[in-house]
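Please read this briefing alongside the sequence and the three-dimensional view. The points are grouped by topic.

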Amino acid sequence: MYTGNIPPEWKTGRISFIPKIKLPISPADLRPICLTSTVAKLFGRILIYRIRKFAPACNPLQLGCHPGRQAMDGINTARAAISVSKRSSNPLCFAKLDIKAAFDSLSHRAIAHYLRELAPCKEALALWHLSTDNEVILEVGGQSWKQSLGKGILQGTSYSAELFSRIIAWTLDSVIRDLQQVAPVNICGVSFPALLIYADDILLFGTRPQDLQHRLRRVQGALAAIGLHINISKSSVLQGPLGEHYGIWGMNTVTPLRVSETFIFLGVPLGFQVTGEDTLFHCLRKTQSSFFAFKRIMDATASSLCTKVSIFETYVSSRWLWASPAVFPTVTLLRKVDSMRNTLLLSLLRLPTDPLLDWVTNEVSRRRGVRILCDKLPRMPQWAQHWLQRFWRYWGHAARERPDSPLRQYFMCLTGFRLRRRLTQPAAVVDTDARKLQQVYTCFRFKYSYSMWMDAAEDRHLWNSLEFLWLQYWLTPIPDPIPPDYLMGKQLVAVADYWATFRPARSLPFDDPYSQPFKLISHIHKDFDKRKGILILLIQHDDQGCSVVTGTAGLDPAAVLVTQLPPHYEDSVNNHLASLLVLGTLIKLLRRESRCLVTPIISPGILSRGVLANTSDKADPILQARWLSVDQRFNIIGSSFLPPKKIPDRLYHFFHPTYNATPVKVLQRSWNFQEATYVPFREFVNS
């Protein structure tokens, strides 16, 4: 930094082309991505952080790449202006401008002029050397060449977005001040900014088409001075609430800007006919596309439930939750959001169906099972709750913004003081998100609270404590305890948040119903997160002896191992006790030696002959005492459950315990059951 020598590798980018479609046939089907040095990104980020204290104050209407400002501020300001305009006889005019090749067209002269405005510092000189005289390497069709950049900012760097945003705000600062003084945007006593900027996206406001035309010319002239031009073909004017059309022309153009009923601003649709439901569903469509893009990864058999949920939350839920503060929640929308979440998770969790039940019963029980998992397990997606939390926290942040921010100025126009002094018309505060939030706030504010939610939001601690009442106002939890027939006679079993399945419905009145429709196995070793997986022990007993199948759920088996222990006793009671004792010994060794969770699945026949109740006179007292000791220590029966109708087929044996018992022969079979050999148990364990 102090020598001013920037390595050439830090100023060079490599262009990689990513296909937009499966079989690209033209350059338009390729998306260029610029890859730059990681060390250069770190150095550029340090420069930007240190330059902030030397840079001039950024105009508050530039919402991009500045601490404390976000895209949602501009979205809600625009939506508030549209909402107020609907109730005015002279609605506002809106125009969205798109800058053509913004980052690639910015002149280096504009960068130099901006850096001169900074207080004297060596960081400005280092940033100048880093952002000029750049070059990119292109590779197409096996050929490679270098291209020098005579203008623009190298994309793919850590400083390009913030540097560009600051230069745009600095260039348009004088234009914004003139427009605010000459022709302020005021409707129904509420003041709105002349324009909003987020990086290279610009939204113009005007009280009349003539004002909008004048603002467009002023902005075009200011941008042309730094080498930027408006892309007329991608810019548009918003159609009026009654379908009004008016022509807005840019400089040196013969065709006006396109008039449209809606346009997308910062990823959210805006328009006089756009409702909150339209905005929400627009974002949910992107969520659906992301889900199917990542579904193959989430369907991998090696992925546990918590891994699938983590991918789902990171790449699917985030596609719409970022825009949730722009839509005021309603009971209907919250139900629709949860319904879509359940539909996506239904195909992801793959809860089994009962072939003896009809389609409607299976579908209802599976959707209710997904809802129970989302309500009972902490890591499951909580779309409705996250939406409410983000909305509450964002509007608390918006009320604490700087007084010169556009959204804070809009709030100031809605205070009771201005209404009492008739500085704001009552029609301006009807059906806006801020007004709806006030209506809900009055329902649960306590005795010594503030009368206005904006005043309460100023106290961050108080606002955070009121979040619980906000959630309680909207959410309806699943009744606790869960009704016995809630899952149509089935039982949902979950092993922490790593595995879940259905047990089949009981045949009533011949079988007793399940004691509870949902069973959670939550007593897990404290180091479970570091373990390899979920180990299943499936133990059955018949006249041929005791069969034990071992394996890991969720993994493709390289081999499935089935072992059988020949019977040692003449009666079945003692053979069952011996089987349970073998199971307890295996669990004891596995919990001590292996890095896995042991989930025993016990055959119903073993538990149905009075063995556990100590009611049989034929039981060997020594075996009973040993079994009770093992069960009391490791809680085997309490952590086990009966097998479903379909035995899990993804089983894998990967442990090597040491077994100190009477030597017996073991029948070892291959995974396809085509080969079987008897081997001594000790020899099998040592192998």
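**Briefing: a sheet, a buried loop residue and salt bridges**

Ala494 stands opposite Ala500, a residue of strand 15. The model described here is a predicted one, and the mean pLDDT of its protein chain is 77, with 75% of the residues reaching 70 or more.

- Strand 14 (residues 491–495) runs antiparallel to strand 15, to which it is joined by 5 bridges.
- Strand 15 (residues 499–503) has 4 of its 5 residues buried, so the rest of the structure largely encloses it.

**Confidence along the chain**

- Among the elements of the protein chain, the highest mean pLDDT, 93, belongs to helix 12 (residues 383–399), whereas the lowest, 46, belongs to helix 14 (residues 416–420).
- Over residues 525–536 the pLDDT is below 50, and this stretch has 46 contacts in the model beyond near neighbours in sequence.
- The pLDDT is also below 50 over residues 551–563, a stretch with 58 contacts in the model beyond near neighbours in sequence.

- Pro329 is placed in the loop between helix 9 (305–321) and helix 10 (331–349).
- Because its relative accessibility is 0%, where buried means under 20%, Pro329 counts as buried.
- Once neighbours within four places in sequence are left aside, the residues in contact with Pro329 are Leu334, Trp387, Leu388, Phe391, Trp470 and Trp474.
- Pro329 and Ala384 are separated by 55 residues in sequence, yet their C-alpha atoms are 8.9 Å apart in space.

**Salt bridges**

- The structure holds 14 salt bridges, including the pairs set out in the points that follow.
- Glu162 forms a salt bridge with Arg166, with the closest N and O atoms 3.3 Å apart; both residues lie in helix 6 (residues 160–182), where they are 4 residues apart, about one turn of the helix.
- Glu162 counts as buried because its relative accessibility is 4%, and Arg166, at 10% relative accessibility, likewise counts as buried.
- Arg45, Arg52, Glu162 and Arg166 are linked in a network of salt bridges.
- Arg177 forms a salt bridge with Asp173, and here the closest N and O atoms are 2.1 Å apart; both residues lie in helix 6 and are 4 residues apart, about one turn of the helix.
- Arg177 is partly exposed, with a relative accessible area of 45%, and Asp173 is also partly exposed, with a relative accessible area of 22%.
- Glu363 forms a salt bridge with Arg366, the closest N and O atoms of the pair being 3.9 Å apart; the two residues, both of which are buried, lie in helix 11 (residues 359–376), 3 residues apart, about one turn of the helix.

Key. Residues numbered from 1 in each chain as written. Predicted model: local features only at pLDDT ≥ 70, side-chain atom pairs only at ≥ 80, totals over all residues. Heavy atoms only, no water. Buried < 20%, exposed > 50% of the residue type's maximum accessible area, 1.4 Å probe, protein only. Helix = DSSP H or I, 4+ residues; strand = E, 2+ residues; numbered from the N terminus. Pairing = 2+ DSSP bridges. pLDDT = per-residue confidence, 0-100. Contact = heavy atoms within 4.5 Å. Salt bridge = Lys/Arg side-chain N within 4 Å of Asp/Glu carboxyl O.
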